[in-house]
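Here is a short briefing on aromatic rings and their surroundings. Please look through the structure first, then read the points below.

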Amino acid sequence: MMRSSFWQLLALLHLLLAGLSASAEELVVGGTGSSQPIIQLLFDEFRKQAPGVTLRQLSPPIGSGGALKALAAGRIDLGVIGRPLQPGESPGVGEHFLLADTAFVLASRDGKPADGFTLEQLTQIYEGHLRSWDDGSPIRLILRPSFESDTLVLRGMSPTMDKAVVAAALRPGMVTGDNDFHTLKLIAGTPGSLGPTTLGMLKTTDTRVSVIPINGVTPSLANLMNGSYPWCKALTVVLPRQPGALAARFAAFLRSPTAARILQAHDYLAGVQ
């Protein structure tokens, strides 16, 4: 009798656990790697009002273009891309909005030019004409693939930078970061490195590198807000045409004052103030 009661109790426990597991909701997010740390921080806060939900971010990052394809194929519930939507992309997705801007920066493990670089000097670096830091040590340039948002921001800095970045990709022996995390690892681990990242990613990953002033202006949230530092990377949230309830709730949270405070504390300027 006691043995029968034990097995009945055990079976009931298994049913309860299975029910809890089945009721747990998971949000699957994919996109640019630089968004992953801040999305995790935002989701941790969101869970306080939605206990039991979980977050799964695709790893390695699938990038902005990959996120749009995965969203259309139903592989993810919500995408975060590192740029605004391009012409022709909007009809294929549902609601989308700017989550935040963060300063786009060039950073180095140990290179510290006294006054930073001018755009003209950056052009010379990408063309291969300026190859040394102030102390004579070599500048080791780290690139991103031509289709990545970081490369597009670099090319958009000026007409001469546009040509120089294209030329840099054709130079033999150049080092290229596969995604935002790999690029940041290369910047932090390569002597004399110079490569692209964002203030937001540096803050959320607690990475200690030197951020390079450009045209005499130091990248900062304050300088991004006052317009003196114009180069930024946008994070855009993209939903499918028919989003699930959890994705819709999280998207609404991302536009809340609470989310804006978290974003600003990590060097992001929220799209909705």
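A residue counts as buried under 20% relative accessible area, as exposed over 50%, and as partly exposed in between, using a 1.4 Å probe and protein chains only. The model is predicted: local features need pLDDT of at least 70, side-chain atom pairs count only at pLDDT 80 or more, and totals for chains, interfaces and linings use all residues. Residues are numbered from 1 along each chain as its sequence is written, and side-chain values use heavy atoms, with hydrogens and water left out.

**Aromatic pairs**
- Rings of Phe, Tyr and Trp (its six-membered ring) pair if their centres lie within 6.5 Å; planes under 30 degrees apart count as stacked, over 60 as edge-to-face and the rest as tilted.
- By this rule there are seven aromatic pairs.
- One of them is the tilted pair of F43 and F46, with 5.6 Å centre to centre and 50° between the planes.

**F43 and F46**
- These two residues are three apart in helix 2 (residues 36-46), which puts about one helical turn between F43 and F46.
- Helices (H or I, at least four residues) are DSSP runs, numbered from the N terminus.
- F43 is buried, at 1% relative accessible area, and F46 is buried too, at 0%.

**F250 and F253**
- The rings of F250 and F253 are stacked, because their centres are 6.3 Å apart and their planes are at 15°.
- In helix 10 (residues 245-254), F250 and F253 are three residues apart, or about one helical turn.
- Both F250 and F253 are buried.

**Cluster**
- F43, F46, F250 and F253 are linked by ring pairs into a cluster.
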